[in-house]
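Me: Can you walk me through this one? I'd like the sheet, then a helix pair, then a loop residue.

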Amino acid sequence: MKSALITGANRSIGLETAKQLSKQGIFVYLGSRDLAKGNEVIGTLTEEGFENIKAIEIDVTNADSIVAAKNIIEQEQGKLDILINNAGVLGVNPQTATETAVDDIKAVFETNFFGVIQVTQTFLDLLQKSDAPRISNITSGLGSLTLHSDPSWKYYQVKAAAYGPSKSALNAYTIVLAYELKDSAFKVNVIDPGYTATDFNHHSGPGTVESAASFIIKHTLTDENGPTGQFFSNDIEDESGISPW
């Protein structure tokens, strides 16, 4: 049985992704900063008939927490097949370039950028033991510099000095990571689930968590000929789903 770790998975898109992966016969570690909250979710899922999902405590901003989670998965699975770096924060609002405090911007980068790097580097050796390792970094269309520079883009007016740049940085890191792993079995991509109605945005998005999770899984469970180093977005209205950087 393949195994997957999803960070920030005790609600919204992360939770729905865990549910859909479980239905496909994959053992899912549901990452949660608060293990009690994670276990509460697992209790509900068990009542609903879900199997192969286990809550695991992981705070992507805490190196000790990440290592502890890695040790548990190593003891129980011996390897990891899929890493979905989903945990993210929006930060303070509004986020103007001229007035947002540097510490507030750093706080967003700590989770959305440095947290992903810490988790990825810590779990890399477990992923290398998989026959088909996959790393999906969950990004946002707001991380696209090309779209942000296009006045005709439907979200052109949505500018955030911390969140958007943190995702742009994540995109850039993913390009480098995919390049370094290109001669291996790894597939490494950034995936934007689209503007989805979640607690994250006060349920203002038009998309559903079901569609978002399905899109993430589609571009994660790829075969050996699948793409790597690509940017996919559920908001791109063509068959490819490829977003400009």
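Reply: Two strands pair if DSSP finds at least two bridges between them. Strands (E, at least two residues) and helices (H or I, at least four) are DSSP runs, numbered from the N terminus. The model is predicted, so local features need pLDDT of at least 70 and side-chain atom pairs count only at pLDDT 80 or more, while totals for chains, interfaces and linings use all residues. Residues are numbered from 1 along each chain as its sequence is written, and side-chain values use heavy atoms, with hydrogens and water left out.

Me: Ok. In S5, what is the bridge partner of Ile-84?

Reply: Ser-136. Strand S4 (residues 82-85) and S5 run parallel and are joined by four bridges.

Me: Is S5 buried or exposed?

Reply: Five of the five residues of S5 (134-138) are buried, meaning under 20% relative accessible area with a 1.4 Å probe, protein chains only. Arg-134, Ser-136 and Ile-138 point one way, Ile-135 and Asn-137 the other. In a regular strand the side chains alternate between the two faces of the sheet.

Me: What's the strand order in the whole sheet?

Reply: S3-S2-S1-S4-S5-S6-S7, an open sheet of seven strands with parallel pairing. S3 (53-57) and S7 (231-233) each have a single partner strand, so one side of each has no neighbour in the sheet. On average, neighbouring strands are turned by 20° against each other, direction ignored.

Me: How many bridges join S2 to S3?

Reply: Five, and S2 (residues 27-32) runs parallel to S3. One of the pairs is Gly-31 with Ile-56 in S3.

Me: Switching to helices. At what angle do H3 and H4 cross?

Reply: Roughly 25°, with the axes of H3 (residues 63-77) and H4 (residues 102-127) coming within 10 Å. That makes H3 roughly parallel to H4, the label for angles under 35 degrees. Axes here are lines fitted to C-alpha atoms, for helices over the stretch in contact, and angles run from 0 to 180 degrees between N-to-C directions.

Me: Which residues meet there?

Reply: Among them are Ile-66, Val-67 and Ile-73 in H3, and Val-119, Phe-123 and Leu-126 in H4; contact means heavy atoms within 4.5 Å. The residues of this contact divide into eight nonpolar, two polar and three charged.

Me: Last one. Where does Ala-9 lie?

Reply: In the loop between strand S1 (3-6) and helix H1 (12-23). Ala-9 counts as buried because its relative accessibility is 0%.

Me: What does Ala-9 touch?

Reply: Gly-14, Leu-15, Leu-30, Gly-31 and Asn-86, not counting residues up to four places away in sequence.

How values were computed
Parallel < 35°, antiparallel > 145°, perpendicular 65-115°, else oblique. Nonpolar A, V, L, I, M, F, W, Y, C, P; charged D, E, K, R; others polar. Buried < 20%, exposed > 50% of the residue type's maximum accessible area, 1.4 Å probe, protein only.
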